[in-house]
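Visitor: I'd like to go through this one term by term. Can you show me the structure and tell me what stands behind each label?

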Amino acid sequence: MTSGNTTFQPRQAYFRRIQHPQTKEILDRGIVLWFPGPHSFTGEDSVELQIHGGNAVVSSVLNALGTLDSFRMAEQGEFAKRAFDNDKLDLTELEGLADLLNAETEVQRKVALRQVEGGLRIPYEGWREKIIQCMATLEAVIDFGEDEQIEDNVLDQVVTSVVHLRDVMQHHLNDNVGEMVRSGIQVAIVGPPNAGKSSFLNRLAKREAAIVSDIPGTTRDVVEVMLHLGGYPVIVSDTAGLRDSEDRIEMEGIRRAKAR
């Protein structure tokens, strides 16, 4: 696939002509890197071709690779799956990697990158070690408490440690900041008809996202707009005006507005 007979050294970049393995036609010029396992992202032998991003160039290189024996396109998420199978990433880091790939705001990127680098794995491993320590101490008290000179307050120390660990875990579970950053902060604009809710939404969105009219009850369904405010994803919803009405459709819009 490349010109020349150079022996590639691991993790060194080589600028080479990329050519068809059968016809020897030059397809592009790019960077070639060789990552032997287990020192690669997946833990397996890997070759990286950095080529120009034009559709024709990418297509020609993929078609050329397709002529090689046992070559196939990777399935979605297959590289991450292989990294997990080879103990290069754990489940928390995989989740962070998925969030990093889907990040649209600066805060989402920072939170996801922190998780990829062990932001959840490190405290989880600490909890596991603490639980094992408490279990070992408790088993020692049960097995040797009457025969050995074990301090009387050892059991109380275990109970104190378990209670503290429970409180730390509960605080972690109650902290939904990560989920809010991932899914977006929900903000609903509510009020009576003709209060300027739709105009306010359009001003925030800087476009005509909602229909504006002086006729009461124009907005019936919920209109959502995704905004990036200070690096945070914010989902702003325009809702139906709150009032008494005999119109069943408008009442359904008011019900949805109250549900927000």
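Guide: Let's start with what covers the buried residues of α1: the cover includes β1 (14-19), β2 and β3. This is a predicted model, where local features need pLDDT of at least 70 and side-chain atom pairs count only at pLDDT 80 or more, while totals for chains, interfaces and linings use all residues. Residues are numbered from 1 along each chain as its sequence is written, and side-chain values use heavy atoms, with hydrogens and water left out.

Visitor: Which residues of helix α1 are buried?

Guide: V61, A64 and L65, in a helix that spans residues 55-65. Buried means under 20% relative accessible area, exposed over 50%, and partly exposed in between (1.4 Å probe, protein chains only). Helices (H or I, at least four residues) and strands (E, at least two) are DSSP runs, numbered from the N terminus.

Visitor: Why is T42 called buried?

Guide: Its relative accessible area is 3%, so T42 is buried. You'll find T42 in the loop between β2 (26-35) and β3 (46-50).

Visitor: What does T42 touch?

Guide: Leaving out residues up to four places away in sequence, T42 touches F79, R82, A83, N86 and K88. Contact here means heavy atoms within 4.5 Å. A polar atom of the T42 side chain also lies 3.2 Å from the backbone nitrogen of E44.

Visitor: Why do E78 and R82 count as a salt bridge?

Guide: A salt bridge is a side-chain nitrogen of Lys or Arg within 4 Å of a carboxyl oxygen of Asp or Glu. The E78 and R82 side chains meet at 2.9 Å, N to O, so they pass. The two are four residues apart in helix α2 (residues 78-85), which means a separation of about one helical turn.

Visitor: Are E78 and R82 buried or partly exposed?

Guide: E78 has 12% relative accessibility, so E78 counts as buried. R82 has a relative accessible area of 33%, so R82 is partly exposed.

Visitor: What makes E95 and R182 a salt bridge?

Guide: Their side chains meet at 4.0 Å, N to O, and the pair is listed as a salt bridge. E95 lies in helix α3 (residues 91-102) and R182 in helix α7 (residues 177-183), so the pair ties together parts that are 87 residues apart in sequence. R182 also meets D99 in a salt bridge, at 3.0 Å, N to O. D99 lies in α3, so that pair ties together parts 83 residues apart in sequence.

Visitor: Why does D99 count as buried?

Guide: D99 is at 19% relative accessibility, so D99 counts as buried. R182, at 34%, is partly exposed.

Visitor: Which residues do salt bridges with shared partners join into one network?

Guide: E44, R72, E78 and R82. By this rule the count comes to 12 salt bridges.

Visitor: What makes β4 and β5 edge strands?

Guide: The open sheet of three strands has the order β4-β6-β5, with mixed pairing. β4 (185-189) and β5 (223-229) each pair on one side only. Two strands pair if DSSP finds at least two bridges between them; seven bridges join β5 to β6 (residues 232-238), and these two run antiparallel.

How values were computed. A polar contact is a pair of N or O atoms within 3.5 Å; within protein, one must be able to donate a hydrogen and the other to accept it, and residues adjacent in sequence count only if both atoms are side-chain atoms.
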